[in-house]
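Biologist: Hi! Could you walk me through this one?
Modeller: Happy to, here it comes.

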Amino acid sequence: MIDAAVAPIEGMWAKGRVKLASEPKGKRFGLFDAKGRGVDIEVPIGPDWKGANGVKPIRAVMVGDSLVAGCGVDDQSKGIMPLLAARVASVPVGRWPGVRSASSARPPGACATG
């Protein structure tokens, strides 16, 4: 019961004293090729978007706190989502250890990389 009474007081105290860091520069969206390299795009891609080779990208979103928001980095490209996306993009199709799917069941010589 005391927590319910203290929370609003702590909130008012923090609002007047805690300074939030500014948002890192850079885009909040991006695209990586099959080698994990960033691809320069001007606007977020829609659900029907396909690359020049007809391949649809894997879409991902993160929801969270300061870690997801990129606090502590000087550019959005250094946040956790871009780093994770680059790592996922650089793993050849069928090379995820412990994952069985239609693509991972193919022989290694037939694995697509992009």
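Biologist: How many salt bridges does the structure hold?
Modeller: There are 3 salt bridges, where the term means a side-chain nitrogen of Lys or Arg within 4 Å of a carboxyl oxygen of Asp or Glu. Keep in mind that this is a predicted model: local features need pLDDT of at least 70, side-chain atom pairs count only at pLDDT 80 or more, and totals for chains, interfaces and linings use all residues. Residues are numbered from 1 along each chain as its sequence is written, and side-chain values use heavy atoms, leaving out hydrogens and water.

Biologist: Which residue does Asp40 form a salt bridge with?
Modeller: Its partner is Lys27, with the closest N and O atoms 3.0 Å apart. The pair links distant parts of the chain, 13 residues apart: Asp40 lies in the loop between strand 2 (38–39) and helix 2 (66–69), Lys27 in the loop between helix 1 (2–17) and strand 1 (31–32). Helices (H or I, at least four residues) and strands (E, at least two) are DSSP runs, numbered from the N terminus.

Biologist: Is Asp40 buried or exposed?
Modeller: Asp40 counts as exposed at 64% relative accessibility, while Lys27 is partly exposed at 34%. Buried is under 20% relative accessible area, exposed over 50%, partly exposed in between (1.4 Å probe, protein chains only).

Biologist: And what does Arg28 pair with?
Modeller: Arg28 forms a salt bridge with Glu23, at 2.6 Å between the closest N and O atoms.

Biologist: New topic: where is Met81 found?
Modeller: Met81 sits in helix 3 (residues 80–90). Leaving aside residues up to four places away in sequence, Met81 touches Ala60 and Met62, contact meaning heavy atoms within 4.5 Å.
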